[in-house]
Amino acid sequence: MKKWAVGLLVIGLIVLVIGMGIVRSYNSLIDLETAVDSSWAEVENQLQRRADLIYNLVETVKGYASHEERVFTEIAEARSRLLAAQSPADQMAANSSLDSALGRLLAISEAYPELKADASFIRLQDELAGTENRIATARRRYNDAVEVWNRTIRRFPTVVIANMFGKEARAFFQASAGAQEVPRVGF
Amino acid sequence: MRKRAGSLLGLALVLIVAQVVLAQFPAPQGYVNDFAQVIDRRSLAELEVITEQLKKEQGIELAVVTIQTTAPYDPTEYRTRLFEEWGIGGPEDSGLLILLAVDERAIEVETGYGLEGALPDGKVGAYLDQAVSRYFAQNQFGPGLSFLAQAFQRELAGEEFASAEERGSESAGDWLIALGIFILIVILLRRSRFYPPGSGGMGGGIGGGSGRGGRTIIVPTSFPRSTGGLGGGRPGGGFGGFGGGRSGGGGAGRRF
């Protein structure tokens, strides 16, 4: 009676500790995964916001430079590709073509002094620059979250739990070459 | 013995983290931080009054910072990181940062999430244009900063935010439950006739176990982002730190 009762209790205790460890690891994995997902959502959010701003910017530019049809079409195409893109990879590709079209639009606007002095054009450029910085920030936070996530699911003992529940490594978000140059309003 | 080694390790970790942080960003000394020493006395007094008012009356934390250089970051990235580092703003992210970098000749403003509605980037940019042409281009740094602070105070009139308050740690409850279970088991074991209270081995062993469990995870989970503690723990007296507000990179900047 004595010994097996104590033995049982000790085994019970060990099982309890291990069980709690699993629950704790699992919960922390879920927290990290949620952090990755929500930081990606923020990136998407800001890309969307940027696409909308660019649309407004185009409308303003049209008021002064209505004959620059080609660049307007390019932007419209890139923008609709971005809005239709499903996977992060597609979004990135569409985003970089939007970047280069935007670069041309801003280059064109240099030739129109009245446009450059337009209050709403200046405001939109500020909103755009702010959004570029928001995208950069959201991207950095997403990559930080991914780094923690990828490290955690490869480490012991969380690697066991991660494999058990089929958790996989996530891809980093690499900036497209053009996206790093934040358009500036020069004075 | 083991316990002491563990806490020493913990302390070392905290010190390393603190040093890495301090090496890149200075600690806040108040709402107005004239690190580059370019603000004249009168503007300094005006800025102190405005920041105090914003904090007391509206729960808005406005940080004004001058710095010699933002290297290795560019001024825009520096302002976002500094905002993040200091946690400017109350629980409703009511923070605002005005940063002047002397070497880069840059004036940058970062708005916390809670102020993005009242101070959209375009509006901030318009005020920056005015401040640049009237003051910064003539190297009148103090009056320029004071002009901006006053303009933002006017724009934010009527906005009210909750002040910084204690945010409870969720992990504490979790650990209390775990501790409760351990204590229950210890009591159950002690109750069993075969190990009367006070008898050797078993009780000691379990006591050690629970101590160890209590120590391990609670330390790391409590320090990321608990900015209240960060501010309070820093040397330099008086200033209790910011309220842990966040920003997403919104705002505007100019070179002059």
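Visitor: At what angle do the axes of α5(A) and helix α4 of chain B cross, and within what distance do they come?

Guide: In this predicted model, the axes of α5(A) and helix α4 (residues 121–134) of chain B come within 7 Å and cross at roughly 115°.

Visitor: What makes α5(A) and α4(B) roughly perpendicular or roughly antiparallel?

Guide: Angles of 65 to 115 degrees count as roughly perpendicular, and the crossing is at roughly 115°, so α5(A) is roughly perpendicular to α4(B). The crossing of α5(A) past α4(B) is right-handed. On the side of α5(A) the contact is made by A:I122, A:R123, A:L124, A:D126, A:E127 and A:G130, and on the side of α4(B) by B:D121, B:G122, B:G125 and B:A126. By class, these residues are three nonpolar, three polar and four charged.

Visitor: How do you know whether α1(A) and α5(A) are roughly parallel or roughly antiparallel?

Guide: Helix α1 (residues 2–64) of chain A and α5(A) have axes that come within 8 Å and cross at roughly 160°. Angles over 145 degrees count as roughly antiparallel, and the two helices are therefore roughly antiparallel to each other. Their crossing is left-handed, and the contact between them divides into 19 nonpolar, seven polar and eight charged residues.

Visitor: Why is the packing of α1(A) against α2(A) called roughly antiparallel?

Guide: The axes of α1(A) and helix α2 (residues 69–84) of chain A are 11 Å apart, at an angle of about 160°. With the limit for the term set at over 145 degrees, that angle makes α1(A) roughly antiparallel to α2(A). Here α1(A) passes α2(A) in a left-handed crossing. From α1(A) the contact draws on A:L47, A:A51, A:I54, A:Y55, A:V58 and A:K62, and from α2(A) on A:F72, A:I75, A:R79, A:L82 and A:L83. Nine of the residues in this contact are nonpolar, none is polar and two are charged.

Visitor: What makes A:S28 count as buried, exposed or partly exposed?

Guide: A residue is buried with 20 or more other C-beta atoms within 10 Å of its own, and exposed with 12 or fewer. A:S28 has 15 C-beta neighbours inside 10 Å, and therefore counts as partly exposed. A:S28 lies in helix α1 of chain A; A:S28 and A:T158 are 130 residues apart in sequence, yet 9.3 Å apart in space, C-alpha to C-alpha.

Visitor: Which helix gives the most to the side of chain A that touches chain B?

Guide: The contact between the chains joins 22 residues of chain A to 20 residues of chain B. On the side of chain A, α1 and α5 each supply at least two residues, and α5(A) gives the most, with 12 residues. That side divides into 14 nonpolar, three polar and five charged residues.

Visitor: Which residues have the most contacts inside the largest nonpolar core?

Guide: The largest nonpolar core has 74 residues, and those with the most contacts inside it are B:L62, B:V64, B:L97, B:L145 and B:A149. Its largest share, 11 residues, comes from helix α5 (residues 119–152) of chain A. Leaving aside neighbours within four places in sequence, B:L62 is in contact with B:Y31, B:I50, B:T51, B:L54, B:L96, B:A149 and B:F152.

Visitor: How many helices and strands does chain B have?

Guide: The secondary structure of chain B comes to nine helices and five strands, and buried residues make up 36% of its 256 residues. Of the contacts in chain B with a separation of 6 or more, 73% are between residues 24 or more positions apart.

How values were computed. Residues are numbered from 1 along each chain as its sequence is written. Chains are lettered from A and ligands numbered from 1 in the order in which they are written. This is a predicted model: local features need pLDDT of at least 70, side-chain atom pairs count only at pLDDT 80 or more; totals for chains, interfaces and linings use all residues. A nonpolar core is a set of buried Ala, Val, Leu, Ile, Met, Phe, Trp, Tyr and Cys residues joined through C-beta atoms within 7 Å. Helices (H or I, at least four residues) and strands (E, at least two) are DSSP runs, numbered from the N terminus. Two residues are in contact if their C-beta atoms, placed from the backbone, lie within 7 Å. Axes are lines fitted to C-alpha atoms, for helices over the stretch in contact, and angles run from 0 to 180 degrees between N-to-C directions. Angles under 35 degrees count as roughly parallel, over 145 as roughly antiparallel, 65 to 115 as roughly perpendicular and the rest as oblique. A crossing is left-handed if the near helix is turned anticlockwise from the far one by less than a right angle, and right-handed if clockwise. Ala, Val, Leu, Ile, Met, Phe, Trp, Tyr, Cys and Pro count as nonpolar, Asp, Glu, Lys and Arg as charged, and the others, Gly among them, as polar.
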